[in-house]
Amino acid sequence: MFLNDYSAFLGDGSRNRKGQDLGEFLQGYDPHRYDTPSVTTDIIVLQVEKGAVSCRENGRVLLIRRGNHPCINAWALPGGFVDMKENLKDGALRELQEETGVSGVPMEAVGVWGDWKRDPRTRVITVPHLAILEEEVSVQAGDDAGDARWFTLSFEKGREEMYPDGWLRETYGITLRSGDVTLTPVVARLSRPEDLLIQEEFLVEDTGSMAADHSGILLQALLHAERALSRRAHG
């Protein structure tokens, strides 16, 4: 049984149509009856100068070089699989510490990525977490990371295109540099306002030597960071 204490899930204590109470139902429940996705966290650690109002230039982001398949030797966001009895944020903090040596930083979830074709191993849903630091911290590659480095960061919006159905396509170029390594992914942001909500998608047009969809995850986090920095600057 997954939980030892399931008292919070008793409802009104009734039995189901098979005559089972909750304990009997859980005892016979097979979690492998249906295919289930795996869950990971990817962590965007952004470093900006104290008092910065934007991260479009002069910011830095922490990347690792993957030491194993898939995307072996590609540069990627730190991250990995969440344990069965581990909260998402705890998993993000653990993976960040294991792969880069960075620990104890504040972070928040900034999206969910669940395209069923995003990982060749199995169905993997990831919940990215963003950390914004104003002071430099040292990094050291560990676990299955072949390397861990700070990359200087800049990004800018290029062409825009409005579609007849109301979708706006904005194309962003991102440049990341560290020593002799330069990464230049291109990502499109598609958005459409819908009454109270804004629909939003990120499409990787060119990985720029980053792993899979990580440049799209990065852009989403960077735009989130831009809004956060702007709010702070304007009180």
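These are my notes on the structure above, point by point.

1. **What you are looking at.** This is a predicted model, so read it with its cut-offs in mind: local features need pLDDT of at least 70, side-chain atom pairs count only at pLDDT 80 or more, and totals for chains, interfaces and linings use all residues. Residues are numbered from 1 along each chain as its sequence is written, and side-chain values use heavy atoms, with hydrogens and water left out.

2. **The overall picture.** You'll find 3 helices and 12 strands in the protein; these are DSSP runs numbered from the N terminus, with helices being H or I of at least four residues and strands being E of at least two. The C-alpha trace spans about 65 × 50 × 40 Å along its principal axes. Of the 235 residues, 41% count as buried, where buried means under 20% relative accessible area, exposed means over 50%, and partly exposed is in between (1.4 Å probe, protein chains only).

3. **Contacts and surface.** Among contacts with a separation of 6 or more, 59% come from residues 24 or more positions apart; a contact means heavy atoms within 4.5 Å. The protein exposes about 13,900 Å², and carbon and sulfur atoms supply 48% of that. These areas come from the Shrake-Rupley method with a 1.4 Å probe, and for residues only the protein chains shown count as cover.

4. **Strand S7.** Take a look at residues 129-133, where strand S7 is mostly covered: 4 of its 5 residues are buried. Strand S1 (residues 38-47) runs parallel to S7, joined by 5 bridges, and Ile-44 has Leu-130 as its bridge partner in S7. Strand S5 (residues 108-109) runs antiparallel to S7, with 2 bridges, and here Ala-109 stands opposite His-129. For pairing, DSSP has to find at least two bridges between two strands.

5. **Thr-100 in helix H2.** Thr-100 lies in H2, which covers residues 88-100. It counts as buried because its relative accessibility is 0%. A polar atom of the Thr-100 side chain lies 2.7 Å from the backbone oxygen of Leu-96, and the Thr-100 side chain also reaches the backbone nitrogen of Val-102 at 3.2 Å. Such polar contacts are pairs of N or O atoms within 3.5 Å; within protein, one must be able to donate a hydrogen and the other to accept it, and residues adjacent in sequence count only if both atoms are side-chain atoms. Leaving aside neighbours within four places in sequence, Thr-100 is in contact with Leu-62, Ile-64, Pro-78, Val-139, Gln-140 and Ala-148.

6. **His-214 in helix H3.** His-214 lies in H3 and is buried, with a relative accessible area of 9%. Its side chain reaches the backbone nitrogen of Leu-77 at 3.0 Å. Beyond neighbours within four places in sequence, His-214 is in contact with Asp-42, Ala-76 and Leu-77.

7. **Salt bridges, starting with Asp-83.** The structure holds 19 salt bridges, each being a side-chain nitrogen of Lys or Arg within 4 Å of a carboxyl oxygen of Asp or Glu. In one of them, the side chains of Asp-83 and Arg-94 meet at 3.9 Å, N to O. Asp-83 sits in the loop between strand S4 (79-81) and H2 while Arg-94 is in H2, so the pair ties together parts that are 11 residues apart in sequence. Asp-83 is partly exposed at 42% relative accessibility, and Arg-94 is partly exposed at 22%. Both belong to a network of salt bridges that links Asp-83, Glu-86, Arg-94, Glu-95 and Glu-98.

8. **Two further pairs.** Arg-118 and Asp-213 meet in a salt bridge at 2.8 Å, N to O. That pair links distant parts of the chain, 95 residues apart: Arg-118 is in the loop between S5 and strand S6 (124-126), and Asp-213 is in the loop between strand S12 (197-206) and helix H3 (214-233). Arg-118 is buried at 13% relative accessible area, and Asp-213 is buried at 12%. Glu-194 and Arg-192 also form a salt bridge, at 2.8 Å, N to O; Glu-194 is partly exposed at 31%.

9. **A nonpolar patch.** Phe-2, Leu-3, Phe-9 and Met-84 form a nonpolar patch on the surface, with about 470 Å² of accessible area together. Patches are made of residues with over 30% relative accessible area and no salt bridge; like charges are joined within 9 Å, and nonpolar side chains (Val, Leu, Ile, Met, Phe, Trp, Tyr) within 5 Å. Phe-2 is in the segment before helix H1 (22-27) and counts as partly exposed at 44% relative accessibility.
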